[in-house]
Amino acid sequence: MRSLIIISLCLLYCLYGCKAQNSGGSASNYDPWSSRNAPNAYSGEGDAGYVLNSDRLAEIRNQRMYPFFDKGGNNDHGDFQMDIRDTSPMINKQINFLLPFMGFGFNYTWLSLHGHLSFSNVPVQFPEYPLRFPIQSWPRNADPSFIGPFYSRCKIGQLNGNEKDEHGMKRPGVYFRLERDLYSRKDQFGVEIRERLKWDIREAMVGTETFEPKHAMIATWKNVSFAGGIALASRTTNTFQAVIVTDEVRTYAIFGYEWMGWTTHTEAGGDTTEGQGGTPAFVGFNAGNGTKAYEYKPYSQTTYIRD
């Protein structure tokens, strides 16, 4: 599947198709949409203001994914999350702005290898599949609050050895990028992220004609495989992304799926060689605490997520 799913966290939705990826950039000019190197942190100093023309906007909207980087930045790892491993699958991220979600406001999130961003503790295992949210036995059993583009049991996979471009050669694992104060950004990357977000959302969602993105989180799962698979199955992988954007009043989620090689981990009935069969991943949202949830049908927990 190569598509974007844009969903308002007020529970409206739309399916928005993406065209094939354009490589972008040139050998002599840095292009953040095709480079593995993260742009410099925005300071605002000495910035005359970047002007985005219509041709460039069309070019960046033609990309399959929003940018993520495995080089550059403060530690030369870009957005790559070194602390997320198979044995340590979740880390906390402070986002330092208000993110409205299902009637609550958060200034933090937990980023998980298992295909979701959460706002509370998430059970490691569930008693049965298919998954049902909210958890009816709450508070006796935990009912996690989360945004899930591919809520499953994942592990970090491997490259398949056939990657030919810079994008494909980025390291397998989990990436996280935070872009703040997009209203006032004048740098190339800030302006381009803001304008793509704005037009992706405005053209996909009813009632967003005046929406202006203020802050965004970009979480990417690249070449993640399924838990319980044999060693050779580590090259059977998925690459997908969740972009969460807000003006601190409304919040929208953009789910992007670049490559889907498997659907189901073994505890949910998937086979150990290809990760097929059983109950595929849950796609959707849960407010937590036994309140409300939204499952994105017909893709959630069906093979449509792959096809």
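Start by selecting R64: with a relative accessible area of 22%, R64 is partly exposed. Here buried means under 20% relative accessible area, exposed over 50%, and partly exposed in between (1.4 Å probe, protein chains only). Before going on, note that this is a predicted model, in which local features need pLDDT of at least 70 and side-chain atom pairs count only at pLDDT 80 or more, while totals for chains, interfaces and linings use all residues. Residues are numbered from 1 along each chain as its sequence is written, and side-chain values use heavy atoms, with hydrogens and water left out.

**R64 and its partner**

A salt bridge is a side-chain nitrogen of Lys or Arg within 4 Å of a carboxyl oxygen of Asp or Glu. E258 lies in strand β11 and R64 in the loop between α1 and β3, so the pair links distant parts of the chain, 194 residues apart. Helices (H or I, at least four residues) and strands (E, at least two) are DSSP runs, numbered from the N terminus. E258 has 10% relative accessibility and counts as buried.

**Helix α1**

Next select residues 54-61, helix α1, where the buried residues are R56, L57, I60 and R61. Why do they sit on the same side of α1? They cover an arc of only 130 degrees around the axis, the arc being that of the directions from the helix axis to the C-beta atoms. An α-helix has 3.6 residues a turn, so residues three or four places apart point the same way. Exposed S54 and D55 are on the face of α1 turned away from its buried side. At the N-terminal end, N53 caps α1, with a side-chain oxygen 3.2 Å from the backbone nitrogen of D55.

**From α1 to α2**

R61 is in helix α1 and D200 in helix α2 (residues 188-204), 139 residues apart. Both R61 and D200 are buried.

**Between two loops**

Move to R153 and E267, another salt bridge, with the closest N and O atoms 3.0 Å apart. R153 is in the loop between β6 and β7 (154-156), and E267 is in the loop between β11 and β12, 114 residues apart. R153 counts as buried at 18% relative accessibility, whereas E267 is partly exposed, with a relative accessible area of 40%. Then select D79, R177, E179, R185 and D187, which salt bridges that share partners join into one network. The whole structure has 21 salt bridges.

**The cores**

Now show L111, F150, W221, I244, F255 and F285: of the 39 residues in the largest nonpolar core, these touch the most other members. A nonpolar core is a set of buried Ala, Val, Leu, Ile, Met, Phe, Trp, Tyr and Cys residues joined through side-chain atoms within 4.5 Å. Strands that each supply at least two residues of this core include β3 (90-101), β4 (104-112), β9 (215-226) and β10 (238-246). For a second, separate core of 20 residues, select F69, I201, F211 and I218, which are among its members.

**Zooming out**

Finally, show the whole protein chain, which has two helices and 13 strands. Buried residues make up 54% of its 307 residues.

Methods: A polar contact is a pair of N or O atoms within 3.5 Å; within protein, one must be able to donate a hydrogen and the other to accept it, and residues adjacent in sequence count only if both atoms are side-chain atoms.
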